[in-house]
Amino acid sequence: ARPCLTTKAQRYPGQQTELEAPLLRAVLRRGQQCNDVPFHVPGHKRGQGMDKSFKGMMGDALRYDTTEVAGMDFLGSPTGVIQEAQSAAARIFGADHTWFLVNGCTVGIHAAVMAVAKPGDLLLLARNCHQSAFAAMALTGCLPFWLQPETDPQFQVAHGITPGTLQMGLQQAKKCGRRVAGVLIVSPTYYGAASHVQELARICHEAGTVLLVDEAHGAHFGLHPDFPPSALQQGADIAIQSTHKMLSAMTQAAMLHLSGERVSAERVSRALRTLQSSSPSYLLLASLDAARVLAQDPEACFGTPLEAAKTARAGLSGIPGLSVLEASSLPGMDQGAACETLHCFNSVETYDPLRLTVGVSGWGLTGFEVARVLETRFHIVPELATQAVVLFMLGPGSALEDAHALVYAFEQLASEKGLQALPEASSDGTSSSVDALSCGNNGISRNRSSSSSSSS
């Protein structure tokens with residue numbers, strides 16, 4: 001007999017019940033029907049035919065790895081629990097339509113561009129866009145009109161597109177004799193810089209085109225008073241968010257949000273039916289529903305991570321030789337002074353408080369070297385390293401002790417006189433997890449060869 005699990009209502013952080021997560025509830029109930037005899041895919045039959053090592057790693061999760069059986073709906077044309085979950089997400093994120101994605105922001109960017117562009121059209125996009133934007137243009141046959149983002153000489157990173165750059169780009173693009181399908185920007189960037197999305201949206205709409213925002217690293221924006229407003233709250237037509245990056249969904253799970261009628265919802269749906277798997281993982285889909293539930297209680301979800309980020313930023317800012325990307329670190333600003341308008345970088349509206357971009361050039365070391373030491377000696381695993389910075393990201397699972405551990409590791413390194421005598425990479429290849437690339441003098445940096453500067 002297959003083991004039965006409890007059928008009691010599950011409880012989630014923020015005192016939410018499973019009744020408020022329709023898709024999660026359906027997956028839970030289907031997996032807990034222990035009298036079922038599955039003659040459907042997947043072939044492991046709720047974990048009974050799985051490799052023992054993998055089954056031990058996954059535990060009870062395999063019984064919830066189901067397919068489009070009765071009551072589970074269809075992702076490509078949802079009318080039941082998936083549609084209910086997507087509608088609930090749309091309400092929380094301020095969208096008119098929301099789609100669940102099982103191939104990250106990558107498939108969302110593909111679908112967004114396919115929804116607005118036709119062969120021969122122009123797509124205005126920032127030079128620091130994600131690699132998926134290149135594939136999106138190949139899929140649609142549209143042509144790029146490149147916009148140069150501002151670059152930061154101190155941290156050697158790219159920020160956003162200024163309103164002036166966009167205005168000029170639209171004027172020049174119209175002279176090409178081709179239809180302008182839309183504008184695609186990255187906000188926030190990998191390094192936490194949020195653009196003047198409201199102004200950029202106004203410029204696009206006045207020019208008769210749409211604004212698409214790769215908001216892969218900003219799924220939390222607009223959900224807590226300490227966060228910047230989301231792209232949709234500022235007038236963007238489409239925002240694509242990696243819910244797995246800054247919220248609590250499983251890796252690869254994301255959402256596409258649409259606001260208004262400038263972009264056809266039917267074209268988005270059609271593109272996603274073309275691009276997404278017809279056999280989506282219900283574990284990924286259920287995690288999106290669960291992430292939305294958790295985000296509905298912003299203090300429970302983000303209170304501790306925000307405190308941890310403030311603690312880490314204060315501690316790191318006091319260590320000689322380090323610099324932390326924030327208002328007071330912008331060129332031309334007195335250290336400790338508030339940059340009220342952030343016009344020292346005209347593209348930057350504000351910064352993500354949950355992101356720590358730490359410059360290490362003052363130590364005479366590269367970010368790669370520092371990241372390697374942090375991981376091999378202190379078990380601190382950064383998100384990314386470049387020639388000049390090490391990047392740390394906090395999220396709903398971050399704790400205050402994590403911040404203390406991070407500051408302690410940097411303090412220990414700072415106190416060592418022989419700082420340049422760094423250990424070589426360990427034989428098990430741990431240093432290979434830090435494999436970023438620096439793109440010459442333009443200040444644009446990107447992550448491992450399998451993913452670029454924004455989403456996955």
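View 1. The model shown is predicted, so local features need pLDDT of at least 70 and side-chain atom pairs count only at pLDDT 80 or more, while totals for chains, interfaces and linings use all residues. Residues are numbered from 1 along each chain as its sequence is written, and side-chain values use heavy atoms, with hydrogens and water left out.

The structure holds five aromatic pairs, a pair being rings of Phe, Tyr or Trp (its six-membered ring) whose centres lie within 6.5 Å, with planes under 30 degrees apart called stacked, over 60 edge-to-face and the rest tilted.

**View 2. Tyrosine 190 beside tyrosine 191.** The ring centres of tyrosine 190 and tyrosine 191 are 6.0 Å apart and their planes stand at 40°, so the pair is tilted. Both tyrosine 190 and tyrosine 191 are buried.

**View 3. Threonine 162 and its surroundings.** Threonine 162 sits in the loop between β7 (157–158) and α6 (163–174), and it is buried, with a relative accessible area of 12%. Leaving aside neighbours within four places in sequence, threonine 162 is in contact (heavy atoms within 4.5 Å) with Glu150, Leu200, Asn346 and Ser347. Threonine 162 and phenylalanine 345 are 183 residues apart in sequence, but 8.5 Å apart in space, C-alpha to C-alpha.

**View 4. Helix α6 packed with helix α7.** The axes of α6 and α7 (residues 197–206), which are lines fitted to C-alpha atoms over the stretch in contact, lie 10 Å apart at an angle of about 15°, where angles run from 0 to 180 degrees between N-to-C directions. The two helices are therefore roughly parallel (under 35 degrees, whereas over 145 is roughly antiparallel, 65 to 115 roughly perpendicular and the rest oblique). Pro163, Leu166, Gln167 and Leu170 in α6 meet Glu199, Leu200, Ile203 and Cys204 in α7.

Note on methods. Buried < 20%, exposed > 50% of the residue type's maximum accessible area, 1.4 Å probe, protein only. Helix = DSSP H or I, 4+ residues; strand = E, 2+ residues; numbered from the N terminus.
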